[in-house]
Amino acid sequence: MGQKKPKGPIVFDKFYEEVYKERWPELKEAMKASKKIASLLNPYSDAETKGDKLWEGVLEGASFDKPSGDPFNYYLLDAASILSARALGATSEHKVLDMCAAPGGKSLAIQFFRKEGELVVNELSRDRRTRLRRVLDSYIPSEKQENIRVTGFDATTWCLHEKEAFDRILLDAPCSSERHLLESPDKLEDWKPGRSKRLSTLQYSLLSSALQVLRPGGRIVYSTCSISPLENDRVVEKLFKKRGDSIKLIREELPLGEETEFGSIILPDRGGWGPLYISIIEKNHGEESL
Ligand SMILES: C[S@@+](CC[C@H](N)C(=O)[O-])C[C@H]1O[C@@H](n2cnc3c(N)ncnc32)[C@H](O)[C@@H]1O
């Protein structure tokens with residue numbers, strides 16, 4: 001009989017202590033605190049909003065108790081999530097793919113910032129896709145949805161059907177989501193270090209698929225809400241090891257967060273936003289299909 005793999009909150013603590021050292025206790029407390037929120041303003045809505053401006057189109061906190069109007073006037077999310085959509089730098093000329101899109105906060109951010117343009121929002125889970133459609137319908141008028149398509153593919157195999165088709169791809173990958181884990185003692189009881197490793201395999205396969213689906217000269221934003229380097233820098237590093245001759249890393253200064261080897265990470269012990277990891281990758285011009 002094989003030995004039982006160690007699991008549970010103590011193993012979890014040890015794993016992240018090794019990464020974050022003396023910073024870990026404070027970071028862990030910040031991850032357990034209630035989430036900070038921002039209001040992403042809906043440019044298609046006339047309903048009133050109020051509050052302190054964080055950035056263009058974004059207010060700090062909840063604008064009112066509840067979104068109102070038809071379509072709704074604002075969407076609540078973590079300000080760090082808005083930055084990953086913004087890092088795409090998508091204009092109305094770009095054909096954009098949001099590969100793992102539900103519930104849809106970042107899809108809204110992409111469209112709100114540019115107002116027009118072709119967008120494909122993909123989500124594998126049927127239930128989550130239903131939620132995604134509901135979000136789109138509540139925030140984007142039907143006449144503005146003509147260029148928006150909802151799909152339900154397994155994005156790891158998208159590259160088998162379509163190559164070099166999009167100018168911008170947001171890959172907000174499924175991840176360990178430690179903030180949620182810390183909120184659910186049952187899940188934490190079951191946590192094993194192998195979980196992050198397994199997710200990193202899925203994340204790499206999504207990222208390498210995205211690269212094939214991207215047009216030369218196009219941009220991928222890879223993001224996760226994980227604080228595990230295995231799911232962040234190590235995934236991007238693997239892409240650079242395998243495809244480094246056809247891609248380049250884009251360094252853009254973000255209004256939040258700290259630089260990592262291949263991107264930036266926004267951690268809640270410094271300002272309350274996040275966690276969110278963001279890496280910006282561009283495909284060189286003149287690359288043959290990978
Ligand atoms: C981090 S969540 C996305 C959050 C979303 N971007 C937002 O801001 O609202 C990752 C999503 O990827 C979906 N997913 C997981 N594996 C997938 C796959 N192979 N292909 C497409 N979507 C996948 C999950 O169901 C989940 O909804």
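I looked up Lys66 and found it in the loop between strand 3 (58–60) and strand 4 (74–77), where strands are DSSP runs of E of at least two residues, helices are runs of H or I of at least four, and both are numbered from the N terminus. Lys66 counts as exposed at 64% relative accessibility; the scale, with a 1.4 Å probe and protein chains only, is buried under 20%, exposed over 50% and partly exposed in between. I then took the C-alpha atoms of Lys66 and Leu76, ten residues apart along the chain, and noted a separation of 9.5 Å.

I keep in mind that this is a predicted model, in which local features need pLDDT of at least 70 and side-chain atom pairs count only at pLDDT 80 or more, while totals for chains, interfaces and linings use all residues. Residues are numbered from 1 along each chain as its sequence is written, and side-chain values use heavy atoms, with hydrogens and water left out.

Next, I turned to the cysteines and found zero disulfides, a disulfide being a pair of cysteine sulfur atoms within 2.5 Å. Cys159 is in no disulfide, and its nearest cysteine sulfur, that of Cys100, is 13 Å away; Cys159 counts as buried, at 8% relative accessibility. The sulfur of Cys225 is 3.4 Å from the closest cysteine sulfur, in Cys175, which is too far for a bond, and Cys225 is partly exposed at 26%.

Last, I checked Ile169, which, leaving aside neighbours within four places in sequence, is in contact (heavy atoms within 4.5 Å) with residues including Leu88, Leu97, Met99, Ala210 and Ile220.
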